[in-house]
Amino acid sequence: MQDVNGKVAFITGGASGMGLAMARSFAAAGMKVVIADIEQAALDSAAEEFTQSNREVMTVRLDVTDRDAMAAAADAVEERFGAVHVVVNNAGVAIGGGLDAMEYKDWDWVLGVNIDGVVNGLQTFVERIKRHGEGGHIVNTASMAGHLGIPGLGVYNASKWAVVGISETLQADLAPHNIGVSVLCPGVVRTNIFNSGRNRPDELQNDGHTDTGNLFQNASGDSNAPDASAAQERLAEIMQNALDPQVVGDMVLHAIQSDDLYIFTHPELREAVSTRVDGMNAAFDKWQSYRDEHGV
């Protein structure tokens with residue numbers, strides 16, 4: 001979708017971090033932008049920003065796990081702006097801790113937002129985009145955690161690997177309908193993801209695991225010896241070196257215009273992915289030898 005001027009974009013998790021950066025990039029390119037988010041204060045702040053910039057922007061309070069609310073938001077957008085062309089399933093949360101320490105509530109919260117939120121966005125908008133026949137683009141926010149197993153982020157890994165798989169398949173499914181697909185796979189970006197427990201529903205609370213803060217318990221990484229001060233220092237260091245989300249916003253706009261499937265914001269992580277692929281290739285060789293030796 002090279003010509004985005006005047007097209008309508010719907011962004012979940014759009015009132016802060018990468019979502020807000022995308023909204024800025026899209027609006028600057030002449031798009032009509034819908035910012036959907038669960039945090040009303042962040043929505044109010046975003047609305048004020050775009051009011052001052054005189055851009056065509058609409059804000060919607062939305063819990064992406066609520067299918068009826070997603071459909072109602074889509075109806076409201078079409079009533080105000082007309083057909084939606086770009087959907088960014090960006091809302092996401094993270095939790096830290098070993099998989100052996102997780103509870104059902106941890107799985108339900110993270111998978112509910114990170115997978116069901118994407119599913120709900122697709123179920124709500126894909127048919128609408130196909131019906132208007134003007135083409136479009138879907139962007140699903142995954143992570144490098146969707147390509148690399150990261151100790152202490154197992155639940156988050158599971159959700160983001162699913163998003164990568166959905167996106168790769170979706171690209172093939174939607175190509176005949178002139179709908180492109182991109183999967184955003186960032187490394188660490190300066191967002192509030194490490195404090196995503198602030199939006200965890202009461203019924204899914206687990207006092208031991210509210211967000212990823214417990215990954216930074218102390219300077220040595222020993223989660224058995226909590227040290228709040230060291231954790232804050234470590235997190236501050238990570239954020240200081242994190243990528244500016246506005247860079248990501250501009251990259252996503254470019255990916256939509258050039259119809260790119262993968263958006264890798266941190267090329268320096270290529271080697272880690274290559275190491276994983278090398279291990280897989282070695283396994284293929286091993287089991288080919290096994291079959292050859294056993295004549296099967």
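## A first look at the side chains

Glu78 is partly exposed, with 30% relative accessible area; here buried means under 20%, exposed over 50% and partly exposed anything in between, using a 1.4 Å probe and protein chains only. This is a predicted model, in which local features need pLDDT of at least 70 and side-chain atom pairs count only at pLDDT 80 or more, while totals for chains, interfaces and linings use all residues. Residues are numbered from 1 along each chain as its sequence is written, and side-chain values use heavy atoms, leaving out hydrogens and water. Helices (H or I, at least four residues) and strands (E, at least two) are DSSP runs, numbered from the N terminus.

**Nonpolar cores**

- A nonpolar core is a set of buried Ala, Val, Leu, Ile, Met, Phe, Trp, Tyr and Cys residues joined through side-chain atoms within 4.5 Å.
- The largest such core has 42 residues, and the members touching the most others are Phe10, Val34 and Ile138.
- At least two residues of this core come from each of several elements, including β1 (8–12), β2 (32–37), α3 (67–81) and α4 (104–132).
- Helix α4 gives the largest share, with eight residues.
- A second, separate core holds 29 residues, among them Ala23, Ile35, Phe50 and Val57.

- Contact means heavy atoms within 4.5 Å; setting aside neighbours within four places in sequence, the contacts of Phe10 include Val34, Met70, Val88 and Phe125.
- His85 sits in the loop between α3 and β4 (86–89), and at a relative accessible area of 5% this histidine is buried.
- Beyond residues up to four places away in sequence, His85 touches a set of residues including Met1, Lys7, Ile129 and His137.
- Val113 belongs to helix α4 and is buried, at 13% relative accessible area.

**Aromatic pairs**

- A pair of aromatic rings is described by the distance of the centres and the angle of the planes.
- Rings of Phe, Tyr and Trp (its six-membered ring) pair if their centres lie within 6.5 Å, with planes under 30 degrees apart called stacked, over 60 edge-to-face and the rest tilted.
- There are three aromatic pairs in the structure.
- Phe10 and Phe125 make a tilted pair, because their ring centres are 4.7 Å apart and their planes meet at 40 degrees.
- Phe10 is in strand β1 and Phe125 in helix α4, so this pair ties together parts 115 residues apart in sequence.
- Both Phe10 and Phe125 are buried.
- Trp287 and Tyr290 form an edge-to-face pair, with 5.4 Å between centres and 65 degrees between planes.
- Trp287 and Tyr290 lie three residues apart, about one turn, in helix α8 (residues 270–294).

**Salt bridges**

- Side chains of opposite charge can pair when their charged atoms come close.
- A salt bridge is a side-chain nitrogen of Lys or Arg within 4 Å of a carboxyl oxygen of Asp or Glu, and the count by this rule is six.
- Glu49 and Arg24 meet in a salt bridge at 2.8 Å, N to O; Glu49 is in helix α2 (residues 40–53) and Arg24 in helix α1 (residues 17–28), so the pair ties together parts 25 residues apart in sequence.
- Arg128 and Glu78 form a salt bridge at 2.9 Å, N to O, linking helix α4 with helix α3 across 50 residues.
- Lys130 pairs with Glu127, their closest N and O atoms being 3.1 Å apart, and both lie in helix α4.
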